[in-house]
Amino acid sequence: MCDQTFLAITFGPCDNCSQNKPLMNIYLKNEPINYCSLCVELMACQGLAKGETTNTLKAESESLKAKLEEERAKLHDVELHQVAEKIEALGQFVMKTRRTLKGHGNKVLCMDWCRDKRRIVSSSQDGKVIVWDAYTTNKEHAVTMPCTWVMACAYAPSGCAVACGGLDNKCSVYPLSLDKNENLAAKKKSVAMHTNYLSSCSFTNSDMQILTSSGDGTCALWDVESGQLLQSFHGHSADVLSLHLAPSETGNTFVSGGCDKKANVWDMRSGQNVQSFETHESDINSVKYYPSGDAFATGSDDATCRLYDLRADREVAIYSRDSIIFGASSVDFSLSGRLLFAGYNDYSINVWDVLKGTRVAILFGHENRVSTVRVSPDGTAFCSGSWDNTLRIWA
Amino acid sequence: MYDKGAARGVYIHWSSCFAEFWLVLECTMAKNNSLHPNSNGETDDSPNMLVYRKMEDVIARMQDEKNGIPIRTVKSFLSKIPSVFSGSDIVQWLLKNLCIEDQVEALHLGTLMAAHGYFFPISDHVLTLKDDGTFYRFQTPYFWPSNCWEPENTDYAVYLCKRTMQNKARLELADYEAESLARLQRAFARKWEFIFMQAEAQAKVDKKRDKIERKILDSQERAFWDVHRPVPGCVNTTEVDIKKSSRMKNPQKTRKSVYGLQNDIRSHSPTHTPAPEAKQPTEEELQEQIKFWQAQLDRHRLKMSKVAESLLSYTEQYSDYDPFLCTPDPSNPWISDDTTFWEMEASKEPGQTRVRRWGFGINEVLKDPVGREQFLKFLESEFSSENLRFWLAVQELKKRPIREVPTRVQEIWEEFLASGAPSAINVDSKSYDKTTQNIKDPGRYAFQDAQEHIYKLMKSDSYSRFIRSSAYQELLQAKKKKSKNLF
């Protein structure tokens, strides 16, 4: 007679199907559970199926993405700079600092031009937002925000208000009063609410709507008067650092760039992501449309700037050099789109020939990182803001 | 003394353990830091690390035996200056090896690398590069910024205190260092005895070391503090962008203590720190992704050659209007300090160049308020202005606060689309039906379809007539007329 080992089995209601059956004592995520053998088998199959489903979906998604890259590459019959060989090279540029705006007590993080082509608003790490007449270098208004690191600011199209925000996760609008003695902070209006820092904000063609991007990975469109959220834009998988509205009278799109290395184009009406580009090797710090609205440029921490065309649906140019190893923080086009001004974390500004892909000038002057670069509305100058607490107007 | 170790840059590996510290002489290449793949094969790709890695690649090339910068020991009076190279050596090397055309640019890049502490002038606290015979030395990888140093003030206090115990004139505290020491003495008054003990212990160990070694170590240690406690007025290159800092602050990687004063929680090298687990996408998210890629695949794409031509012609067309390419007439206000250019733009009388621009496309007319006015005037003369007025009204609607939208939608409907409307416009039946539906729940985009249809109509019909009209042509030729009624 051989030894027999008997397994002690409990008999009782199954935790899953409640029927009285012999139960198997198993552990699920360190918790003991009592399932009948049928339910155990079902669970195992579901888990397997789910794992399989997720894996199959992943594989499908990846193969579609690869196919998309193939399709995009098929139409790549020539390089932009090759076609650009037939146009004349640009001459020597004499670009100098024409105005230096001193007054911020800490790093300048953002600036925007007024439509009158001479006023600007700038914001800094110490919470100060200043409105200047850049032409005379006079300060016209100053507001102290209740938070530090005011990373975003924008001028309203009418010139009668400014919006700003940062670590407070909000975007607030301040109407600009002609009365210098009036306390601007008292009239402040909180418009946008995000769940992480505000990285960028922009008025649409009206004082009544603001588009924001945030460290919470979303962009949003807000009604200024009521503070109501009109549309939100989900699709980035990490902080969104920058956005820019398409320069069109008829279109309703904007582009955003973020820490997920993606640049996404959005339909403002539906909230849908209509196009996406992912070729950068690190965070995209800045996005700007080419003046025709058919393309846009990006500046990234991978030390390159790139041009993406919406009709070709791909990256069409890279602006880089071996000697540029610090990230590009901010980019903007000249009026015709021929020049791309890019501010870098190595304190310099590089000027690129957009079509030929070459660098036409390197501008020194700032004594710390360049955090923001913006061309004036009529293209007569561009302004740069830096961690050296100053802003410079170049022409 | 010219030994192989010196030629390759002697890296003295520092380790610390509480009150004692010893050093291990090691000829390391740049492997002992957090930039190279960890045990999982993953590299730290955060933005700061990316830049450090690039600088370290350049440093590695600079230290290459064959193609790098020659490092030598220089005899000076009664002593030797070990392991140095000159500022000009660096500039020349950068010009040659990094395809830099300009000496200014080479100097700029070199200064940045010095400011981050990868090499330093041996006789100056200010970390800058000079294109002359000034001597520089490489920093030991132990002190590289990629090791995520965040040294505490207690360490700085130990360091400054230790310096006061040394007799050499060249090691005397600079003014700003003396001030810092005084401040720290007040701040750490309670534990100063402990700090003093540490400093003494360190000084003792230092004294035991070989003279040449000591020179090198002292300078490297000083350079480390020059990065983390820079001379007032100098840029602190350890400052980070707050948006990126949260990704850098991996508590397991950050090194806080130089002299072992606190429990350094790191028990293993940063190269073996596992990367945080990436979030796995859910089934739903994957379904969304698939839908997105499918929609993208269906997109109609243009050939690169066509796109390039289009970009070229747009830029060509507008180059006359680009102040950076073509000097504005009479001058650029920022350069000449004369605002005539702006005054002209603001006037209601449009100049020739401005009028010419309207001819580039309907968008240019619609963008320019004076253009819009002229276009409207022309259409009124033809009794066909309702299309443009409708388009303008819808644009304006989109700019209103959301509260005013429903009323405005009703008004526009009544004026342009309702039966018997005073300014009836002609839209295709599809758009008309859609709009009828939309106004039941009026939103900013209620007239979107109708507006698009009208825009196409204007573009192909009214706009081309406007450009061919005598009114426009006369403006273009800048014919001066006294009377305002040209039509």
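Student: Which strand of chain A does Lys288(A) lie in?

Tutor: Lys288(A) belongs to strand 21, residues 284-289 of chain A. Keep in mind that this is a predicted model.

Student: What is the nearest side chain of opposite charge to Lys288(A), and how far away is it?

Tutor: That is Asp332(A), 4.1 Å away. Lys288(A) is buried and has no salt bridge.

Student: Why does 4.1 Å not count as a salt bridge?

Tutor: Because a salt bridge needs the side-chain nitrogen within 4 Å of a carboxyl oxygen, and Asp332(A) is 4.1 Å away.

Student: Which backbone oxygen does the Lys288(A) side chain reach?

Tutor: The one of Val331(A), at 3.2 Å.

Student: And which residues does Lys288(A) touch?

Tutor: Leaving out residues up to four places away in sequence, its contacts include His244(A), Phe296(A), Phe333(A) and Arg374(A). Val331(A) and Asp332(A) are also among them.

Student: New topic. Which residues does the cis peptide bond in chain B join?

Tutor: Asp329(B) and Pro330(B), with omega at about 5°. Pro330(B) sits in the loop between helix 11 (304-318) and helix 12 (333-336) of chain B.

Student: What is the phi of Asp337(B)?

Tutor: Near 60°, which is positive, and Asp337(B) is not a glycine. This residue lies in the loop between helix 12 and helix 13 (340-346) of chain B.

Student: Is Asp337(B) buried or exposed?

Tutor: Asp337(B) is exposed, at 53% relative accessible area.

Student: Back to chain A: what about phi at Tyr347(A)?

Tutor: Tyr347(A) has a positive phi too, about 75°, and is not a glycine either. Its loop runs between strand 26 (339-344) and strand 27 (349-353).

Student: Is Tyr347(A) buried or exposed?

Tutor: Buried, with a relative accessible area of 12%.

Notes:
Residues are numbered from 1 along each chain as its sequence is written. Chains are lettered from A and ligands numbered from 1 in the order in which they are written. This is a predicted model: local features need pLDDT of at least 70, side-chain atom pairs count only at pLDDT 80 or more; totals for chains, interfaces and linings use all residues. Side-chain values use heavy atoms; hydrogens and water are left out. Helices (H or I, at least four residues) and strands (E, at least two) are DSSP runs, numbered from the N terminus. Buried means under 20% relative accessible area, exposed over 50%, partly exposed in between (1.4 Å probe, protein chains only). Lys and Arg count as positive and Asp and Glu as negative; His and the chain ends are not counted. A polar contact is a pair of N or O atoms within 3.5 Å; within protein, one must be able to donate a hydrogen and the other to accept it, and residues adjacent in sequence count only if both atoms are side-chain atoms. Contact means heavy atoms within 4.5 Å.
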